[in-house]
Amino acid sequence: MAELGAVVAEVRRQRPLVHCLTAAVTMNFVADALLAAGARPMMTETIDEAPTLVTVADALLVNLGTLSVDGAVGIPVTAEVAADRGTPWVLDPVAIGLAPVRTPLARELVRLGPGIIKGNASEVLALAGSGAGGSGPDATDPVTAAERAAALLAERHRSVVAVTGARDLVTDGHRSGTLDRGHPWLARVTGTGCALGGLMAACLAVAEPWPATLAALSWLTIAAEDAAERSRGPGTFKIALLDELAALEPEELDERVGLR
Amino acid sequence: MAELGAVVAEVRRQRPLVHCLTAAVTMNFVADALLAAGARPMMTETIDEAPTLVTVADALLVNLGTLSVDGAVGIPVTAEVAADRGTPWVLDPVAIGLAPVRTPLARELVRLGPGIIKGNASEVLALAGSGAGGSGPDATDPVTAAERAAALLAERHRSVVAVTGARDLVTDGHRSGTLDRGHPWLARVTGTGCALGGLMAACLAVAEPWPATLAALSWLTIAAEDAAERSRGPGTFKIALLDELAALEPEELDERVGLR
Amino acid sequence: MAELGAVVAEVRRQRPLVHCLTAAVTMNFVADALLAAGARPMMTETIDEAPTLVTVADALLVNLGTLSVDGAVGIPVTAEVAADRGTPWVLDPVAIGLAPVRTPLARELVRLGPGIIKGNASEVLALAGSGAGGSGPDATDPVTAAERAAALLAERHRSVVAVTGARDLVTDGHRSGTLDRGHPWLARVTGTGCALGGLMAACLAVAEPWPATLAALSWLTIAAEDAAERSRGPGTFKIALLDELAALEPEELDERVGLR
């Protein structure tokens, strides 16, 4: 089995426990996507419990969408525990730029060295300090505009950075790759970007950041193509996506993704 | 294209950013409904970020269902920012009456002049000060019982008031209309009423309150009829409803809705 | 109609209002499951409103998953109001064991005498004081290992205890029964366990704890079998489960469940 398919197979075999500190609006879909993929989600975010519970997790996702007051307090402490223990983690700095709490919080978190940083072009630019952010959760910059900022971030924090868009860009500061898969309906339902962050964390529990990032991106986008084929609109697509995350054959992944 | 269909077409063309301060239990469905309709949701509610983020929104939805402690603090400040900037907004005073925090909060909010007020008969009566509210989120009064209270509220606050039920009533205090569309399954899944509030906000970003209210009501109820036809029960209906919100042809809306 | 089917028919006839203090990640599915079943959900959890709103509820569900700061404060006060008024209630001590807030909270709550206690084997062992809990929300102990702890808990608190797993165990301390129905996909989507707690509360509003527990377990697991037959994966299964909760014929329930 080729490299990316092997990551998918490992997630299903090891069933990593993924602690998710993530947006309230999409937390249910993130959890369902992780379960469909074969991983196990855990979602508690308060400072009273999250720093304890993260000690049994195999990976951590930190997503700043709909950042709650509890989350803003619990997230940095929990991420620090994960970083100290060497638990791999993913940072998804949703909608930073204009937002007065999450923007400095994301800059503080990135210093703890996430294995993977994932964002749209506007978020990556804002995190690198060279952009003002997008329009709410949506990017206003093209992926190519964030290429240099992504490489800089990756090198500075020894992370893999994934810039998502119609074409996805992945870089570790030295090498980079692009991915042209997926379906426009991914942007017509909530939570697909957040679920991608969750999948990245699941993959990061069983693989190095570079293959983990590419495996998660490929898994979600190929599943999305299969889901779109048997859907009538964004509603049925969202549900079919869960089916396809579960159904995807690891053996076919590398061949179908056609990575460049 | 006739008036209501034109509103739908405008939402799809302008893709308004709709800031939603809404019930935790249904926020995901509200966001999915907005995306399916062609608008863009943003859901942050804390006082630390919502008053800033609302400044880039094209419309605001304030829904008091499952009112959180953070929400009770963040909502009035955010609504005030929207009102001051002239950002159009919708008030959905869910389950007011018995509830000790949201009832006075709704009465405070309505003074800020929402473009649209939407509630079931018991909520509208309670907001007008002439009823004790319903049973939890359900109305215990018929729509007709709220007719005078709705007209009074509309005139007092220069809003359009929509009283939802099996038959929906819309009034601006001077004229009124009723709508007899929809499907009983709309009451057998969560979030359809909240999603209607979201659609009203999206329509209000591109049209005056009167056509915006009627367009949103027609859009949701006609989509519900189409969704019910290809569903087996409330689960598949809820998902099909998203498909149909996306699929509805603006050209057909005015003709099919048969407004009286 | 036999005993369990009669409980289902009563839920549909009385449409009990079920107040749910439940995990953020699955609250939407719990609400949808209750609506599909014919009951009516209400989800407010803050201490400012929940103790007032619970006074109009027919039953209460307390689920400790993703316990928020607001929830940790509001839950004990609300449960006490319910207990004082004789409102029947269900305790679902999700993920207790390692978690520093919910573990003592669950032990405090159980003393208020829930009609039904529902948990996986690790949670029941931890609640009885004889286990360290599971791995996040998942059990690490087999159902049989919790048999004595369940009987002890049931007798001590005059509750019916349901230990859920591939085989479910129900005991009131004197008699016990097991149930071998359901489908593996129940564990591949979020919220089915939480929805079961909600159904138990709905059944408890219209029946004694023993038949209520068995009716809810049978209802969900038989519906799951029917849903799995027409699904392609965990996504479509979750949605079909709602359809089947609504479609299940009370007349068939006792016959099909084959209780031992």
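Analyst: Thr164(A) is placed in strand E6 of chain A, which covers residues 160–164. Helices (H or I, at least four residues) and strands (E, at least two) are DSSP runs, numbered from the N terminus. The model is a predicted one, in which local features need pLDDT of at least 70 and side-chain atom pairs count only at pLDDT 80 or more, while totals for chains, interfaces and linings use all residues. Residues are numbered from 1 along each chain as its sequence is written, chains are lettered from A and ligands numbered from 1 in the order in which they are written, and side-chain values use heavy atoms, with hydrogens and water left out.

An unreviewed UniProt entry carries the annotation "binding site" for Lys118(A) and Thr164(A). The two are spread over 47 residues of sequence but cluster in space, with a largest C-alpha distance of 7.3 Å. UniProt positions are given in the numbering used here, feature names are shortened, and annotations may be inferred rather than shown by experiment.

Thr164(A) counts as buried because its relative accessibility is 18%; buried means under 20% relative accessible area, exposed over 50%, and partly exposed in between (1.4 Å probe, protein chains only). Leaving out residues up to four places away in sequence, Thr164(A) touches Lys118(A), Gly119(A), Asn120(A), Ala121(A), Val143(A) and Leu196(A). Contact here means heavy atoms within 4.5 Å.

With a relative accessible area of 5%, Lys118(A) is buried. Beyond its neighbours within four places in sequence, the contacts of Lys118(A) include Leu91(A), Asp92(A), Pro93(A), Ala162(A) and Thr164(A). Gly193(A), Leu196(A), Gly197(A) and Met200(A) are also among them. Towards Asp92(A) there is a polar contact of 2.9 Å between the two side chains. A polar contact is a pair of N or O atoms within 3.5 Å; within protein, one must be able to donate a hydrogen and the other to accept it, and residues adjacent in sequence count only if both atoms are side-chain atoms.

Away from the annotated site, the aromatic rings come next. Rings of Phe, Tyr and Trp (its six-membered ring) pair if their centres lie within 6.5 Å; planes under 30 degrees apart count as stacked, over 60 as edge-to-face and the rest as tilted. This rule gives three aromatic pairs over all chains. One of them is a tilted pair of Trp185(A) and Phe237(A), 5.9 Å centre to centre with 55 degrees between the planes. That pair links distant parts of the chain, 52 residues apart: Trp185(A) is in the loop between strand E8 (176–179) and helix H8 (192–204), and Phe237(A) is in helix H10 (residues 234–247). Trp185(A) is partly exposed at 22% relative accessible area, whereas Phe237(A) is buried at 0%. In chain C, the ring centres of Trp185(C) and Phe237(C) are 5.9 Å apart and the planes stand at 55 degrees, so this pair is tilted. Trp185(C) is partly exposed, with a relative accessible area of 21%, and Phe237(C) is buried at 0%.

Charged side chains meet rings too. The charged end of Arg175(A) sits over the ring of Trp210(A), 4.1 Å from its centre. In chain C, the charged end of Lys238(C) sits over the ring of Phe29(C) at 5.1 Å from the centre. The rule asks for NZ of Lys or CZ of Arg within 6 Å of the ring centre and within 35 degrees of the ring normal.

The contact takes 28 residues from chain A and 27 residues from chain C. Together the two chains bury about 2200 Å², 59% of it on carbon and sulfur atoms; buried area is the accessible area (1.4 Å probe) that two parts lose on being put together, summed over both. On the chain A side, Leu35(A), Glu49(A) and Asp243(A) lose the most area to chain C, together 23% of what that side buries. One link between the chains is a polar contact of 3.1 Å from the side chain of Ser135(C) to the side chain of Arg40(A). Ser135(C) is in the loop between helix H6 (121–127) and helix H7 (147–157) of chain C. Not counting residues up to four places away in sequence, Ser135(C) touches Leu17(A), Arg40(A) and Thr140(C).
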